[in-house]
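These are my notebook entries on one protein chain. I set down what I looked up, in the order in which I looked it up.

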Amino acid sequence: MKSPQRHNLTHQLTHDLGIAIVNGKYPIGEGMPSEADLCAEYDVSRSSTREAVKMLSAKGLISSRPKQGIRVLPESRWNMFDTDVLTWILSSKPSLSLLKEFT
């Protein structure tokens, strides 16, 4: 499978974080690093990080709230019709329960 085309820093960060979430680097229900920590970890600007967080929120992978931080949502909330989410899931080792959602 081809790796997705990289458009800009925001899309690259969205892709990297999406893969990390699907692969379990950030466990479901747990908090993720703050936007400032993600900026430092991935060496990107705050605006790119904010936009990536918004994109992942729209895909249903995370929730970002003031004073609560960024949390990974359960798989049942993920937008399975989103091409990025599908690509990330199928490139990982999806759980049997997740695959059953496609039937």
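**Entry 1: the start of α1**

I began at the N-terminal end of α1, which is capped by N8: a side-chain oxygen of N8 lies 3.0 Å from the backbone nitrogen of T10. I note at the outset that the model is a predicted one.

T10 itself lies in helix α1. Leaving aside residues up to four places away in sequence, I found T10 touching S48, E51, A52 and M55.

**Entry 2: α1 as a whole**

I then followed the helix to its end. α1 has 14 residues and reaches 20 Å from its first C-alpha to its last, close to the 20 Å expected at 1.5 Å a residue. After α1 comes G24, and I recorded its phi as positive, near 90 degrees.

Which residues of α1 are buried? I listed T10, L13, T14, H15, L17, G18, A20, I21 and V22. An α-helix has 3.6 residues a turn, so residues three or four places apart point the same way. I next looked up what the buried residues of α1 pack against, and found α2 (35–42), α3, β1, β2 and α4.

**Entry 3: the nonpolar core**

I turned to the largest nonpolar core, which has 21 residues. The residues with the most contacts inside this core are I21, Y26, M32, L61, I62 and W78. The elements that give two or more residues to it are α1 (9–22), α3 (46–58), β2 (69–72) and α4 (83–91). I also asked which element gives the largest share of this core. That share, five residues, comes from α1.

I took L61 from the list for a separate look. Residues up to four places away in sequence not counted, L61 touches G18, I21, V22, L56, R71, V72, L73, W78, V85 and W88.

**Entry 4: the hairpin**

My next subject was the pair of strands. Strand β1 (residues 62–65) and β2 run antiparallel, and four bridges join them. I62, which I had already met among the core residues with the most contacts, stands opposite V72 in β2. For S64, I found the bridge partner in β2 to be I70.

The hairpin of β1 and β2 has three residues between the strands, and K67 takes a positive phi near 65 degrees there. I placed Q68 in the loop between β1 and β2. Is Q68 buried or exposed? With a relative accessible area of 53%, Q68 is exposed, because this value is over the 50% cut-off. I also checked Q68 against G31: the two are 37 residues apart along the chain, and their C-alpha atoms are separated by 8.5 Å.

**Entry 5: the whole chain**

I closed with the totals. The secondary structure of the protein chain comes to five helices and two strands, and along the sequence these follow the pattern α-α-α-β-β-α-α. Of the 103 residues of the protein chain, 35% count as buried.

For the contacts in the protein chain with a separation of 6 or more, I noted that residues 24 or more positions apart account for 51%. The accessible surface of the protein chain comes to about 6,500 Å², and 52% of this surface belongs to carbon and sulfur atoms.

Conventions: Residues are numbered from 1 along each chain as its sequence is written. This is a predicted model: local features need pLDDT of at least 70, side-chain atom pairs count only at pLDDT 80 or more; totals for chains, interfaces and linings use all residues. Side-chain values use heavy atoms; hydrogens and water are left out. A nonpolar core is a set of buried Ala, Val, Leu, Ile, Met, Phe, Trp, Tyr and Cys residues joined through side-chain atoms within 4.5 Å. Buried means under 20% relative accessible area, exposed over 50%, partly exposed in between (1.4 Å probe, protein chains only). Contact means heavy atoms within 4.5 Å. Two strands pair if DSSP finds at least two bridges between them. The expected span of a helix is 1.5 Å times one less than its number of residues. A polar contact is a pair of N or O atoms within 3.5 Å; within protein, one must be able to donate a hydrogen and the other to accept it, and residues adjacent in sequence count only if both atoms are side-chain atoms. Accessible areas come from the Shrake-Rupley method with a 1.4 Å probe; for residues, only the protein chains shown count as cover.
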